[in-house]
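Good morning, colleagues. Please turn to the display.

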Amino acid sequence: MLSRAARPAVRVAATTSRAVGAAPTTAATYATLREIEGRLKSIRNIEKITKTMKIVASTKLNRAQRAMTDSRTYGENSNEVFKAAETTVPETEVKKSLIIVCSSDKGLCGGIHSGMSRFLRRLSNEGEQFDLAIVGEKCRSQLQRTNGKDIQLTFAGIGKDIPTFAEAQAIADQIIMLPTEYTDVKILYNRFINATSYEPTFIEAFSEEAITQSANIDAFEIEDGALENLREYSLANSLYWALAEGHACEQSARRNAMDNASKNAGEMIGKYQILYNRTRQAVITGELVEIITGATASEDM
């Protein structure tokens, strides 16, 4: 047995060894606190950015919806001519199709672009053959991996703000200059349903041959030389409609995406704040325990 004089020394040695063993844990806790504090700061900055982007997208959405309404009037009235003329895709043994994809160059708007890419991949997997003219870098980069050989034309920098008829006319000019004579031309765009939903939809853009072979085209008394101009004008109208409506869908999707991102950031901030408070309380409690233990050991000596 140890003498009473030796017991305090042994007790102090044991306390010292415990304190030395606890030092790395305390240091790790402080490092964790600094790490949590850094993450909180980063998430708060992200939340500020997403909230600002949501406000900007909400402001742009109102303008985009007005432009969408105007462009839809142009496109629908232009297509009424073909409905009245009973224009259809001509039946041929060799069918050559062109799909014009209307996307954009910008991201951070949910799955609005990948939805159109999946739609086209599904058509391709079902055995349909078609060439592609893609407006926007997002769908181009997504379809380059699977349908790269089908891409004939790409356009970038279109629709940085609200799309204009001049941009649609420039795209139509390039498409008409393609060397291949297509029997079937379609425009793929996101149709605006409401502020939270949209769906990939086709607009028919008939070739000059299809317009010429229309059943009731003679009722309009159109000169033969004007058919090419009619085809180009109707294609530009339909492209303007598709671009404007796709732009409205993009702004709506971006607003919803930024709203969800802001909510997720708020939830993460709450969780990390609780973790920070608990970790800080554990550090303070550990320091108090060490101080009390040292004071008790000093009194026993």
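Let me begin with Glu80, which counts as partly exposed because its relative accessibility is 43%. This is a predicted model. The side chain of Glu80 meets that of Lys83 in a salt bridge, with an N to O distance of 4.0 Å. About one helical turn separates the two, since Glu80 and Lys83 are three residues apart in helix 1. Lys83 has a relative accessibility of 60% and therefore counts as exposed.

Helix 1, which spans residues 6-84, also holds Arg39 and Glu35, four residues apart, or about one turn of the helix. These two form a salt bridge whose closest N and O atoms are 2.8 Å apart. Both partners count as partly exposed: Arg39 at 39% relative accessibility, and Glu35 at 43%.

Which residue does Glu245 meet in a salt bridge? The partner is Arg72, with 2.8 Å from N to O. Is Glu245 buried or exposed? Glu245 counts as buried, because its relative accessibility is 1%, under the 20% cut-off. Arg72, at 26%, counts as partly exposed.

Finally, a network of salt bridges links Lys54, Asp259 and Lys263. Across the whole structure, the search finds 13 salt bridges, among them the pairs Arg39 with Glu35, Glu245 with Arg72, and Glu80 with Lys83. Thank you for your attention.

Terms used
Residues are numbered from 1 along each chain as its sequence is written. This is a predicted model: local features need pLDDT of at least 70, side-chain atom pairs count only at pLDDT 80 or more; totals for chains, interfaces and linings use all residues. Side-chain values use heavy atoms; hydrogens and water are left out. Buried means under 20% relative accessible area, exposed over 50%, partly exposed in between (1.4 Å probe, protein chains only).
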